[in-house]
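Please read the following briefing alongside the sequence and the 3D view. It is arranged by topic, for a reader who is meeting this structure for the first time.

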Amino acid sequence: MVLQQVGTEQAVPALKWRAMTEADLDGVVEVAKVSFPDHPEDRVCFANRLELNPSGCFVLSDEAGHVSGYLVAYPWKRNAAPALNVLIDALPDDAETLYLHDLALHPSTRGGGYTRPVIEALAASARENGYGVVSLVAVNNASGFWARNGFEIQSPPGMAEKLASYGEDARYMERSLV
């Protein structure tokens, strides 16, 4: 695709999902600030998740390495939601789900069809690693988006209290992989 710009042509950079590296963390934080202004998380939290589960951390970037989106996921307990902006000492040995902590795209990238491929790749990876469920907390009124991607709202006992720090619209959701 070529965009016309004041008499010159400029190619739109190709964006691809790839494994996240430590060098991507500043870009991840910038996308997070724009995507989740009411749910801020520090760079150290993203670094913590990357260190704990590098195989569940991805960025959407161009060839120059500019980050336009990210996904962070890690093994966790079902019917639980880790607190926001808190470091995790270790992943649970008895994890029951792959928890999708964050999926965010820079607003300029939204609507380009970039989310479904990474969600499906994550689901396939979870299935291959023996998880029957992918779980998440939908915020910013995103439960409809997640429902279109196979997730269903769950209301286990005590979940409302756990979600209080996520905001009034927060919903715990799961996608069955079996």
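In this predicted model, the lining of the largest pocket draws at least two residues from each of β6, β7 and α4, where helices (H or I, at least four residues) and strands (E, at least two) are DSSP runs numbered from the N terminus. The model is a prediction, and local features need pLDDT of at least 70, side-chain atom pairs count only at pLDDT 80 or more, and totals for chains, interfaces and linings use all residues. Residues are numbered from 1 along each chain as its sequence is written, and side-chain values use heavy atoms, with hydrogens and water left out.

**The largest pocket**

- The largest pocket holds about 510 Å³ of space; a pocket is an open set of points on a 1 Å grid over the protein atoms alone, where a 1.4 Å probe fits, with protein on both sides within 12 Å along at least five of seven lines.
- Grid points are joined across faces, edges and corners, and the volume is the space filled by probe spheres set on the points.
- Its lining, made of residues with an atom within 4 Å of a point, counts 24 residues, and Phe36, Leu103, Ala104, Ala142 and Trp146 are those nearest the centre of the pocket.
- Strand β6 gives the largest share of this lining, with seven residues.
- By residue class, the lining consists of 15 nonpolar, six polar and three charged residues, with Ala, Val, Leu, Ile, Met, Phe, Trp, Tyr, Cys and Pro counted as nonpolar, Asp, Glu, Lys and Arg as charged, and the others, Gly among them, as polar.

**Aromatic pairs**

- There are five aromatic pairs in the structure, a pair being two rings of Phe, Tyr or Trp (its six-membered ring) with centres within 6.5 Å, called stacked when the planes are under 30 degrees apart, edge-to-face when over 60 and tilted otherwise.
- One of them joins Tyr74 and Tyr99, whose ring centres are 5.7 Å apart and whose planes stand at 50 degrees, so this pair is tilted.
- Because Tyr74 belongs to strand β5 (residues 67-76) and Tyr99 to strand β6 (residues 97-105), the pair ties together parts that are 25 residues apart in sequence.
- Tyr74 is buried, with 0% relative accessibility, and Tyr99 is buried as well, with 1%; buried means under 20% relative accessible area, exposed over 50% and partly exposed in between (1.4 Å probe, protein chains only).
- Trp146 and Phe151 make an edge-to-face pair, with 5.3 Å from centre to centre and 80 degrees between the planes, and both of these residues are buried.
- Tyr74, Trp76 and Tyr99 are linked by ring pairs into a cluster.

**Positive phi values**

- Most residues other than glycine have a negative phi.
- Asn79, in the loop between β5 and β6, has a positive phi near 60 degrees, and its relative accessibility of 32% makes this residue partly exposed.
- Asn140, in the loop between β7 (133-138) and α4 (143-148), has a positive phi near 55 degrees and is partly exposed at 36% relative accessible area.

**Cysteines**

- The structure holds zero disulfides, a disulfide being a pair of cysteine sulfur atoms within 2.5 Å.
- Cys45 is in no disulfide, and the nearest cysteine sulfur, which belongs to Cys57, is 12 Å away.
- Cys45 counts as buried at 3% relative accessibility, and Cys57 is likewise buried, with a relative accessible area of 0%.
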